[in-house]
Amino acid sequence: MAIAVVLVLLVLGSLVFHFASPWWFTPIASNWGSIDFTINLTFWVTGAVFVAVNLFLAYSVYRYRHKEGQKAVYEPENAKLEVGLSVITAIGVVAMLAPGLFVWATFVTVPDEAAEFEVVGQQWQWSFRYPGEDGVLGTVDTQYISEANPFGVNPDDPNGQDDVLVKDPVMYVPIDKPVKALLRSKDVLHNYTVPQFRVKMDMVPGMVTYLWFTPTLLGEYDILCEELCGIGHHVMRGKIVVAEQAEYDAWIDAQPTFAQTQAMASADVSAGQQSFAVCASCHGQSGEGNQAMNAPKLNGLQSWYIERQIKYYQSGVRGAHEDDQYGAQMAAMAGMLTSPEAIRNVSAYIAQLPATESATTISGDIRNGERIYNANCAACHGKDGAGSWATDAPNLIGMNDWYAATQLRNFKAGIRGAHPDDAYGEQMVSMATAMRNEQQLADVLSYLNSLQ
Amino acid sequence: MSIYKELSSKPWEYRAPTEGTALESAFDLAPEKVALRLFMVVAGVIFSLVGVTYYVRLDLGDWVPLSDPGLLWWNTGLLVVGSVCLQISRNAAFADNRAKARSMFILSGLFSAAFVTGQWFVWQQLTAAGLGVNTNPASAFFFLLTGLHLVHVLGGLWVWSKTAFRLLGKADLATVKLSIELCTSYWHFLLVLWVLLFAALANT
Amino acid sequence: MAYVPIADQAQELHDPHSFITKYVWSQDHKVIAIQYGGTAIMVGLVALCLSVAMRLQLGFPDSFSLIDPSSYYQAVTMHGMIMVVYLLTALFLGGFGNYLIPLMCGTRDMVFPFLNMLSFWVYLLSVLILLSSFFVTGGPTGAGWTLYPPQAITGGTPGSDGGIFLMLVSLGVFIIAFTMGGLNYVTTIFQARAKGMTMMRLPLSVWGILVATVLGLFAFPALLVSAIMMTFDLKLGTSFFMPAIMAAGEQLDYNGGSPILFQHLFWFFGHPEVYIVALPAFGLVSDVLSTHARKNIFGYRMMVWAIVAIGGLSFIVWAHHMYVSGMNPYFGFFFATTTLIIAVPTALKVYNWVLTLWEGDIRLNTPMLFAIGFIFTFIHGGLTGLFLGNVVIDLPLSDTYFVVAHFHMVMGVSPVLVVFAALYHWYPKITGKMMNETLGKLHFWCTFLGTYAIYLPMHYLGFLGVPRRYYAIGSTDFIPASAQTLNENITIAAIFVALAQILFFINVFWSLRSGKPAGGNPWGATTLEWQTPDTPPKHGNWGEKLPVVHRWAYDYSVPGYKDDFIPQTVAGDFGVSDDHDSKES
């Protein structure tokens, strides 16, 4: 008896939940309204079946619950009824499937005028490649991948020279033009998903997959990885900007071509040395750091990491949070480097400084720290803690533990890494939670100290 | 009763009971035989699946065909002889010729053991020639497929050895007849499997 | 040469003589069933704890979280693999299959009792190997239960040092155990039924278990093959599934393999696996419904055909798990069609369950409540399957919480409700005691309502587009903050459901000591297991003489008969078929 009432209530409750729910698809920003149509159609057909069958179930239970003297009716089968129900079901299924297959047919046939771009996935970054003026993407191969050629573009392929390379995880597409995304992975499976566009596809190493869409709404949308790709899966984030053609053109013109990245002159270390004089007042002549002035050790860091952080300070991605007082000091100082070349030069200078020892100020359980580090941090920073250009992770060994502790606390508190343009910091915001408390933080840092 | 007739019968209708006390069985076979056939189908599925992956992988562009060692022909011969011996043994068992059944049964095991050794030598030859399991996809599949087949042969030899001990002892022929039959079916299966594998491996 | 041996022997060869042979190295199918079931439930409890740990992280990341990103992915993986393979498969086939097949078929034991015993011990070994991965360096694998290469065996995934190897070995050992058991179940059902027990007189439980076992025998080889080949890739450096890839800036020593090939193999196992779990549940629930509705199962023949049809079709739908995997997109047309075809026989089964209740005399006791709860959750889970099976709808919904909610509804909650229905139903036969009804009903309400409170809202996280297998959602532009409220409530419901299972264990152990004596046939059921001379049945099940079967398994409320059930062993025509014209002579 109670079960019959509850079944009715569950059906009604589900309906109420649905109609009261603010949780539904995010507004669509592409041409794939037909997918939404198919979903709605399926939703209403299955919803009706859900209500009808369950109410009938509830009624049967209510009507035929045991009463004294009642005897069930003996009826082994009713072939007509069963076949009839099956036929009705089959019709309903066809009604849902047929439109789905039509939409799928449009999904698998890419329009000829669709402009191509390439998405490259790797643990746990997005990067993008546009075909450049010739409209043809150069060939790529894993064997060409290196720090200087992270996309693995074939250096001998003329089609690849004008390819536009976007190393940062932000890409642009022009509005109302169909685009075809060619999807490629350097290491494991990934999945290129923009929820507002409704379509997604896995990226499989060793092959190129594709999807296509026409963006129809200006704006900036998240790119997510939706195929488990290892420990950083949930922090593999990017952005796609749907822009007017003019804005798109301006953006793409500002990105380097493959040829430009290969031809870039090496940094001027001696010019960097001159600029470093200002830095040295706090960070020390050899970049050894000064805890009294809250200036961390710099030598031992990779040049690309220093370069990125200086740019972040300059653009307010870092050091702009109100609780980040030391960051604010650094942001002011970073402003003194007026050109990208100057930043490059000083970064290169710092990177070649001989590594100095740094004092140990934190102690904890090294073995527990080792466990936490190897389980969560090593995937990017390496088992040896030296970091890697491939994962955009800086060296951690021999650096100031007090500074690392401050930064980890800042990541956890959202003081650092929470800025929308800090793609790499966002990863640390999440991964820093691997150190649940101060004790675990001390454990990990003392393990890093032990690696010196 | 045919399967179709059975499945479309209306079981709620009254059926007069039949004579006798025999249990109901779907096949007129000893359960061991049913189980063995089922197992051979399962093993067949395993090899077909590897076979399918073999042909898919073959098309992926980096295939370097293997030149099959001539020793494989000798090994195939050993397996054929093993199979034939078992068949003779089985027939002898049915003719109640214990001595012949026993000698042929033992002989078939020895030939099969020789097959195992022979396959081992093939692996040694390949490795010596610089074709290890990870050298290229063809060699990887060669080791995988022959290895899987060898595991099945060794499983058979384990059952064979139990029966062989009983035959060498005083066991009554009637009590081992079924074992001999089962071994015979399984050996024929192993042989057919091997011939198919050999053909697939040689034809790339 | 039909099967005769055991029936003719006065004393069985493996009759137990000591405690050890009776309860440890036992060859009695009933003891093995309890060993299988007990082990499965124990390891299932481990998986349940893992899910609570995950839910705490998702619901209360800042205050109650116990785990870091690495152990989150390990928990996801181990929870999934344990629940699907080591709990549900082992419990339905090794547990219920072992217990019910010989009793329902009217035989004394499985045809190969020693092999049956071996099957359990090898299964236990596989469980121990699996659990040992919690104690090795790096811990268990975090590759997701699908174990997709390359990430399953490369460094960015937790447990790539030893965890994944132990997982692959454990699966291999499990498959060996399953094959030994499976050959036994199928052969017993085919060759050793009591006189008169034709295939079409078998209870649907046996049909469900039979077809599921056949599926397992043909599907597990695909998992075995993929596990072996991945082990080769991992340990011997072959490139079956591994293309040329980078790791931490270095090119690895692999070339030319295909990750998609693994996925095809995996899902060629993985989809039938869904039905390996579902079909026994379909069968068991049919018998529970029929018994407690005091009515024959409606449309028995079509129920059998549907089981067989679903089993067959389950081998040609696997790639619907791979619509967005990057496989040839034209496959989508074929697999969407076959997948939606499966909906028809499945829907027919649902209709027939409901029609079994229609015009019944429904006893709303604990097993019946669980069975009715199953119909509700299965309808829900089945209908959401129509979303995901339709290839184009899968584009936005795949890899979101909609998928998680769907498969938990259809192959988590639904089968587990059947497990409980079946345990409450057959417990009196297994132990000779009735279970406590009050506790049982309380357990039902908490579990049924609690699980719905978990999974209904979870579908809406999926509609929102919240990706699955995320340690933390982080900040996005499309997920509102209210989604976290939803997550908190889901977590609270999940913990509530987990705690409610304590009621069940209290009931099991309390009833064992203090339950009311059940007698041989407390439910007034027709099938053979309720007609044993002793309860619980003794070794050999049937005493001196094997039963002889005279009728089908569903003679409930036959017009004109004194009781509302006629056991299958009762001879005689009671005029039932007068209503139907074709009377065989």
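**Strands, sheets and contacts**

Q: Which residue is the bridge partner of Thr193(A) in S9(A)?
A: In this predicted model, Thr193(A) has Leu224(A) as its bridge partner in S9(A).

Q: What makes strand S6 and strand S9 of chain A a pair?
A: Pairing takes at least two bridges between two strands. Strand S6 (residues 190-193) and strand S9 (residues 219-225) of chain A are joined by 2 bridges, so they pair. The two strands run antiparallel.

Q: In what order do the 5 strands of the open sheet in chain A come?
A: The order is S4-S10-S9-S6-S7 in chain A, with mixed pairing.

Q: Why are strand S4 and strand S7 of chain A called edge strands?
A: Look at their sides: strand S4 (170-174) and strand S7 (200-203) of chain A each pair on one side only. From one strand to the next, the twist averages 25 degrees.

Q: Which helix of chain A packs on the sheet?
A: That's helix H5 (residues 245-253) of chain A, which touches S4 and strand S10 (237-243) of chain A. The direction of helix H5 makes about 140 degrees with that of S4(A).

Q: Why is Leu451(A) called partly exposed?
A: Count the C-beta atoms: Leu451(A) has 15 others within 10 Å. A buried residue needs 20 or more, and an exposed one has 12 or fewer.

Q: Where is Leu451(A) found, and what is it in contact with?
A: Leu451(A) sits in the segment after helix H14 (438-450) of chain A. Leaving aside neighbours within four places in sequence, Leu451(A) is in contact with Asp384(A), Gly385(A) and Ile397(A).

Q: How many residues of chain C are in contact with chain A?
A: There are 103 residues of chain C in contact with 97 residues of chain A. Helix H10 (residues 331-357) of chain C gives the most to the chain C side, with 14 residues. By class, that side of chain C has 64 nonpolar, 28 polar and 11 charged residues.

Q: How confident is the predictor in chain C?
A: Chain C averages a pLDDT of 92, and 95% of the residues score at least 70. Even so, pLDDT stays under 50 over residues 4-11 of chain C, and residues 577-585 of chain C are also below 50.

Q: What ipTM and pTM does the predictor give the complex?
A: The complex gets an ipTM of 0.94 and a pTM of 0.94.

Technical notes
Residues numbered from 1 in each chain as written. Chains lettered and ligands numbered in written order. Predicted model: local features only at pLDDT ≥ 70, side-chain atom pairs only at ≥ 80, totals over all residues. Contact = placed C-beta atoms within 7 Å. Helix = DSSP H or I, 4+ residues; strand = E, 2+ residues; numbered from the N terminus. Nonpolar A, V, L, I, M, F, W, Y, C, P; charged D, E, K, R; others polar. pLDDT = per-residue confidence, 0-100. Axes fitted to C-alpha atoms, helices over the stretch in contact; angles between N-to-C directions.
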